[in-house]
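Please open the structure in a viewer and keep the sequence at hand.

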Amino acid sequence: MKIEICFSPSLLDLYQHQDAVVVVTDVFRATTTICTAFANGAQSIIPVATEQEALSYKSLGYLVGAEQSTERSSFADFGNSPAEYSVEKVNGKSLVIKTTNGTKAIKGAAQCHCLLIGAFVNLQALANRILDIGKDVLIVCSGADGRICLEDSLFAGALTSTLLAEEGVEAASDGARLAVALWHQANRNFSAFLMQSEHALRLVRHGFRNDLNYCLRKSILGVVPELQGDKLIVKK
């Protein structure tokens, strides 16, 4: 099994991923929020790339999470805070979600063997699922408006490092080696390390410090959302 890392969706065309397991990550906060919603009983989640799509689903009666530049969209039932997706609100429900970066990355990387959702909160469950599938892996970092971001790159290093502990797994590129080196540098206190990132500082300014603390908890959830058709589900 070989592991590649795409540090931004704007670089996705450089990678052959049609027969790979693609892992999309947007640590702050879309993929953490998606994992949390499933852990709290959501039945399915439809990721969309635009506000117009989200509004269309809203008109059909769907519960919609929508966010732009950290803030909840005016028409939405939820924003992009994992704390909003409680058991009381999402258990048994089908949701739609649109975020600034994460859902665009999911849509852009969908043509693959299978697409999984990753964050620190489901790190170990995700690694186990990847090993069960046994195919080459491309980790796609959602980044920030097409640019590389620290938190997604560090998560890519953490996941790669976890997988490399297993026999027969190898880093396929300097990008994967670079991410692993970053993780080895930061992992003793990676929460403090990431609190200095651009996105973390922006979320703190907007009052989402509790979200940050939650997003940096490791392996607390056992769900691995997977794209099937146009929706994410968790296989039983």
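Begin with the largest nonpolar core, which has 42 residues; among these, select Phe28, Phe120, Ile130 and Leu159, which touch the most other members. A nonpolar core is a set of buried Ala, Val, Leu, Ile, Met, Phe, Trp, Tyr and Cys residues joined through side-chain atoms within 4.5 Å. Buried means under 20% relative accessible area, with exposed over 50% and partly exposed in between (1.4 Å probe, protein chains only). Helix α6 gives the largest share of this core, six residues; helices (H or I, at least four residues) and strands (E, at least two) are DSSP runs, numbered from the N terminus.

The model is predicted: local features need pLDDT of at least 70, side-chain atom pairs count only at pLDDT 80 or more, and totals for chains, interfaces and linings use all residues. Residues are numbered from 1 along each chain as its sequence is written, and side-chain values use heavy atoms, with hydrogens and water left out.

Next, select Phe28 with its surroundings. Apart from neighbours within four places in sequence, Phe28 is in contact (heavy atoms within 4.5 Å) with residues including Glu151, Leu194, His199 and Leu216. A second, separate core of 32 residues includes Phe78, Val90, Leu95 and Leu221.

Move to helix α5, residues 123-133, where Leu123, Ala125, Leu126, Ala127 and Ile130 are buried. Which elements cover the buried residues of α5? The cover includes β2 (21-25), β7 (114-118), β8 (137-141) and α6 (150-164). After α5 comes Gly134, with a positive phi near 80°.

Now select Ser44, in strand β3 (residues 44-47). Is Ser44 buried or exposed? Ser44 counts as buried because its relative accessibility is 4%. Its side chain makes a polar contact with the side chain of Ser94 at 3.1 Å. A polar contact is a pair of N or O atoms within 3.5 Å; within protein, one must be able to donate a hydrogen and the other to accept it, and residues adjacent in sequence count only if both atoms are side-chain atoms.

Finally, go to Glu84, in the loop between β5 (71-72) and α3 (87-90). Glu84 has 16% relative accessibility and therefore counts as buried. The side chain of Glu84 reaches the backbone nitrogen of Gly79 at 3.0 Å. Not counting residues up to four places away in sequence, Glu84 touches Arg72, Asp77, Phe78, Gly79 and Lys89.
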